[in-house]
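Work through the exercises below with the sequence and the coordinates open. Each task is followed by its solution.

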Amino acid sequence: MSDPKAPEKKLLKALAGEKTDHPPIWLMRQAGRYLPEYRKVRADAGSFLDLCYSPRLAEEVTLQPIRRYGFDAAILFSDILVVPDALGQKVAFREGEGPVLEPVTDAAGIAALDSPSDVKQALAPVYETVARLRESLPSDVTLIGFAGAPWTVATYMVGGRGSPDQGAAKLLAYREPETFQALIDILVEATVEHLSAQVEAGAEVLQLFDTWAGSLPELSFERFALKPAKAIRAKLKARFPHIPVIAFPRGAGGMAERYFLETEVDGLSLDTGVSPAVARDRLQSIGCVQGNLDPLLLVAGGDEMRVQAAHILETLGHGPFIFNLGHGIVPQTPPEHVGELVRLVKDWRG
């Protein structure tokens, strides 16, 4: 039996399909450059990866939006590219360029990667951050750990940087599918190790980010997005049966329902392009949905933000639902708009 005196963790209740007084709310990239307190810590940290690998500083920036807004969940401050960094493919974040990696473009490059079993040791500072957060977060706030999905991480590893079309990874996958599959298999194992270590350190929920899933045609989506996520979920469930997993296959479109059913994740995060009514009618019967306000509405604020946020709440708020954005907060977002959105969600009653 649960302890009646224990604080209610709304996010966990929503993922279990239970009703709460208001939908839980957290926002992707809620710790970030739109906050002046984050910019100060970032300036003092050195490089972006130095910030990710400093338990004290990463803990601080994770806590900043919780103190300011009272979100129902905190997501570990880190990056999806710490996994290739831990596999020996060194990552650098350059001002004005974003992440830069030495591309892995063939079987020899894939074979030269370190073992997935080395990830836990290489990323020990990240797990220390998780452990610190489990102690420092308010008792009613859920701690979310995360990782990038294999397809999305592979696009950076093969291309050496982000790209608008993920062309380098797609061409390798199309021309040498077995070579590319070997990279995906390594990333499945590394991702399971990375997420497992976060759970062992105190994460209560896990989110899998597949930012570029929508760039794949159906058969490739099945092979390189859906099946790896299914494998990760199955391996995690065998180790941690009670830890919920949320997946974000951004741009999945018509494949979203199949993805939700076959991966057996507990929650599906929706991008901005998903109709809330379609999500209500096709997805909420499977499990909890999360989303999906346009991040630029949060920049604009005003009546349009309020109207569209209310539409999402009225459409999805009567079933298992977590309020979030359709992607991450962008740097030009006024902090006061975030505060207004949080108040709107917390004041709503279905």
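**Exercise 1.** Classify Phe77 as buried or exposed.

Solution. Buried means under 20% relative accessible area, exposed over 50%, and partly exposed in between (1.4 Å probe, protein chains only). Phe77 has 8% relative accessibility, so Phe77 is buried. Phe48, at 14%, also counts as buried.

The model is predicted: local features need pLDDT of at least 70, side-chain atom pairs count only at pLDDT 80 or more, and totals for chains, interfaces and linings use all residues. Residues are numbered from 1 along each chain as its sequence is written, and side-chain values use heavy atoms, with hydrogens and water left out.

**Exercise 2.** Determine the geometry of the ring pair Phe146 and Phe209.

Solution. Rings of Phe, Tyr and Trp (its six-membered ring) pair if their centres lie within 6.5 Å; planes under 30 degrees apart count as stacked, over 60 as edge-to-face and the rest as tilted. The centres of Phe146 and Phe209 are 5.6 Å apart and the planes stand at 85°, so the pair is edge-to-face. Phe146 sits in strand S4 (residues 142-148) and Phe209 in strand S5, 63 residues apart. Strands are DSSP runs (E, at least two residues), numbered from the N terminus.

**Exercise 3.** Give the strand order of the open sheet and identify its edges.

Solution. Two strands pair if DSSP finds at least two bridges between them. The order is S1-S4-S5-S6-S7-S8-S9, with parallel pairing. S1 (73-75) and S9 (321-325) each have a single partner strand, so one side of each is left without a neighbour in the sheet.

Terms used
Helices (H or I, at least four residues) and strands (E, at least two) are DSSP runs, numbered from the N terminus.
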